[in-house]
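I opened this model to look up a few local features and keep short notes. The entries follow the order in which I looked.

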Amino acid sequence: MIFLDAAATTPVRREVLDAMWPYLTGEFGNPSSHHTLGEAAADALAGARRSVAAVLGCRPGEVTFTAGGTEADNLAVKGIALARQAADPQLDRVVISAVEHPAVEESARYLERFHGFAVDVVPVDGTGRVRPDAFRAVLRPETALASIMYANNEVGTVQPIAELAGLARGLGIPFHTDAVQAAGWLPVDTGALGVDAMSISGHKLGAPKGSGVLFVRGRTRVEPLIHGGGQERGRRSGTENVAGAVGLATALTLAQAGQLEERRRVAAMRDTFINAVLAGVPGAILTGHPVERLPSVASFCFPGTSGESVLLELERQGVVCSSGSACAAGSDVPSPVLTSMGISPEVAHTAVRFSFDALVTQADLEAAAAAVLDGVGRVRGLGAQRLARG
Ligand code: PLP
């Protein structure tokens, strides 16, 4: 099997599992316990926090461990907006882009439904990019928070985060970015990016599902969503997932260490793959930005097919990929990410995404390209036969 669905999830790396193992077995203590086992767990958690902070260029106290990217996004969007509204009731608007992950979009809609917020949605251009002038145009004195993703999960388009964050911060508006897809591939130094909050998920990086991080800068106030024993400096109650935190910290550190070299290598292979598909499949459309895209994502529309049938055909040939984001898979609604980029609903239904981890090889991608050429041809051929039969 050639697994080209790494944007959906990745297997746990061996080094990550090894780092986690002690905290799942012998050193299983609760970090809040006042005995040796508890202290060992607390030390491990503190070490993981320091490692994450080193990669993010922040202080350990600015790192909150969560149960994944969705929770980190919820905590950022709801937590910061609600805290700001509590301090100043006039702050009752949030800004998001048209291509956010549902974890951000639905958090904003929750604020709209239950807390009287208005949601301002910044459009994207045909490549999925937010234009800084369009972003600036929706920022208002009442904006409590702006949240724009770093890199898109469906088409891989990378946003000009430092520029957007600068515009928001210049107006005193906290800026959050969902870096779930970017982490491991792009620089995540929070100082250089100038963001006030950033979400990361472990399972996209070779750490387990259900591990995540929210960075929140300095004194930015966050209303907790989960109440209880006051763990994570009161931001996220619940006994900490020590092994998950250690795993995430290990995976993030490893990904960061090899980043520049991996990025170039994988991006070059991605481009060869994209060119082979575009040259070999008549009418194939590359979705997303041609250059400002994740090294790890190649996404297309194949008019005259359905993404689902291409997916099944490719799986039959041993290539596993996705027909859109995993969260939207199975739904009949065309991807809002693609339609907001100006792609018609009919064409959006033909979307297929290939996403790689750093272990992908040239041979994998050559085989995948051959399978795509063949698979799309077959799906189109079957469609034509069906039409001819009436
Ligand atoms: N944000 C983006 C951009 C994602 O791609 C995902 C997962 O697909 C998430 C958030 C949610 O992360 P998690 O699966 O850890 O809840």
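The model is predicted, so I took local features only at pLDDT of at least 70 and side-chain atom pairs only at pLDDT 80 or more, while totals for chains, interfaces and linings use all residues. Residues are numbered from 1 along each chain as its sequence is written, and side-chain values use heavy atoms, with hydrogens and water left out.

**Entry: positive phi**

Most residues other than glycine have a negative phi. Glutamate 232 has a positive phi of about 50° and is not a glycine. I placed glutamate 232 in the loop between strand S8 (212-216) and helix H8 (242-257). Here helices (H or I, at least four residues) and strands (E, at least two) are DSSP runs, numbered from the N terminus. Arginine 233 also has a positive phi, near 50°, and lies in the loop between S8 and H8.

**Entry: salt bridges**

I counted a salt bridge where a side-chain nitrogen of Lys or Arg is within 4 Å of a carboxyl oxygen of Asp or Glu. How many does the whole structure hold? The search finds 18 salt bridges.

I noted one between aspartate 271 and arginine 270, with N to O at 3.0 Å. Aspartate 271 is partly exposed, with a relative accessible area of 32%, but arginine 270 is buried at 5%.

I then went to glutamate 313, which forms a salt bridge with arginine 378; their closest N and O atoms are 3.5 Å apart. Glutamate 313 sits in helix H10 (residues 307-316) and arginine 378 in helix H13 (residues 362-389), so this pair ties together parts that are 65 residues apart in sequence. Glutamate 313 is buried, at 10% relative accessible area, and arginine 378 is partly exposed, at 42%.

Arginine 378 has a further salt bridge, to aspartate 374, at 3.0 Å from N to O. These two are four residues apart in helix H13, so about one helical turn separates them. Aspartate 374 is partly exposed, at 33% relative accessibility. Through shared partners, salt bridges join Glu313, Arg316, Asp374 and Arg378 into one network.

**Entry: the ligand**

Next I looked at distances to oxygen atoms of the ligand. A polar backbone atom of glycine 69 is 2.8 Å from one such oxygen. For glutamine 181, a polar side-chain atom lies 2.8 Å from a ligand oxygen. For serine 201, an N or O atom in the side chain is 2.6 Å from a ligand oxygen. Taken alone the ligand exposes 390 Å², and the protein buries 87% of that. These areas come from the Shrake-Rupley method with a 1.4 Å probe; for residues, only the protein chains shown count as cover.

**Entry: strands**

Strands of a sheet pair through backbone hydrogen bonds, either parallel or antiparallel. I counted two strands as paired if DSSP finds at least two bridges between them.

Three strands form an open, antiparallel sheet in the order S9-S10-S12. Strand S9 (285-286) and strand S12 (351-355) are its edges, each pairing on one side only. S9 pairs with strand S10 (residues 297-301) over two bridges, in the antiparallel sense. Leucine 286 has phenylalanine 300 in S10 as its bridge partner.

Elsewhere I checked strand S5 (residues 143-147), which runs parallel to S6 and is joined to S6 by two bridges. Serine 147 has histidine 176 in S6 as its bridge partner. From strand S6 (residues 175-178), Phe175 and Thr177 point one way and His176 and Asp178 the other way, and all are buried.

Terms used
Buried < 20%, exposed > 50% of the residue type's maximum accessible area, 1.4 Å probe, protein only. Polar contact = N/O pair within 3.5 Å; in protein donor to acceptor, adjacent residues only side chain to side chain.
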